[in-house]
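Hi,

Here is the structure I promised to send over.

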Amino acid sequence: SALYNKVKYNIAYASEQKERALLRHRYDTLAEGIGLDRVTRNFALGVDNGVLDDALRITDQEAVDMAHWLLKKEGLFVGSSSAMNVLGAVRLASDNHEDYEASCIVTVICDGGQRHLTRFWNREFIKGWGLEWPGDDEAAWKLRLPDCLLAS
């Protein structure tokens, strides 16, 4: 997204924005509100003052898989933004720390799954986007999860 590129490279541009290809209503992710093409004042202040110093790319499939893991293992029925936030925290903990169990990383679970029933929690909708529904093949689902989640 443009915001990812702003944090990583200080340029708020993504290839989906190229001239004559930009759609008025882009839907390139299941996570509504993520992938904005504009830099808000608060976001700019965070980047300019070093508060935001890194960004992660998380695919729609990874978000769906994480949301299903949270429901199955933790009993948390979350929306797409929360699934991405939790997966980002999991990645940060497992990728950047040898002992992720001793790490203290905080994230926000900002949306519940009840507002996402027609898209993010709708099997037919997910399959229509070319994604895998975790309940269809549990073995394949587990292979897509971060290793640190398989131990729990």
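This is a predicted model: local features need pLDDT of at least 70, side-chain atom pairs count only at pLDDT 80 or more; totals for chains, interfaces and linings use all residues.

Let's start with the inside. The largest nonpolar core has 24 residues, and the members touching the most others are M66, W69, A83, F120 and L149. At least two residues each come from α3 (60-74), α4 (80-96) and α7 (147-150), with α3 giving the largest share, 6 residues. There is also another core apart from this one, made of 6 residues, including V7, F43, V47 and A55.

Now the aromatics. I count 4 aromatic pairs. In one of them, F77 and W121 sit 4.9 Å apart centre to centre, with 50° between the planes, which makes the pair tilted. This pair links distant parts of the chain, 44 residues apart: F77 is in the loop between α3 and α4, while W121 is in the loop between α4 and α5 (123-128). F77 is partly exposed at 33% relative accessible area, whereas W121 is buried at 12%. W121 also pairs with F120: the ring centres are 6.1 Å apart and the planes are at 90°, so this one is edge-to-face. F120 counts as buried too, at 3% relative accessibility. Together with W133, the residues F77, F120 and W121 form one aromatic cluster.

Last, the cysteines. You'll find 0 disulfides in the structure. C110 is partly exposed, at 47% relative accessible area, and C148 is buried, at 16%.

Cheers

How values were computed:
Residues are numbered from 1 along each chain as its sequence is written. Side-chain values use heavy atoms; hydrogens and water are left out. A disulfide is a pair of cysteine sulfur atoms within 2.5 Å. Buried means under 20% relative accessible area, exposed over 50%, partly exposed in between (1.4 Å probe, protein chains only). A nonpolar core is a set of buried Ala, Val, Leu, Ile, Met, Phe, Trp, Tyr and Cys residues joined through side-chain atoms within 4.5 Å. Helices (H or I, at least four residues) and strands (E, at least two) are DSSP runs, numbered from the N terminus. Rings of Phe, Tyr and Trp (its six-membered ring) pair if their centres lie within 6.5 Å; planes under 30 degrees apart count as stacked, over 60 as edge-to-face and the rest as tilted.
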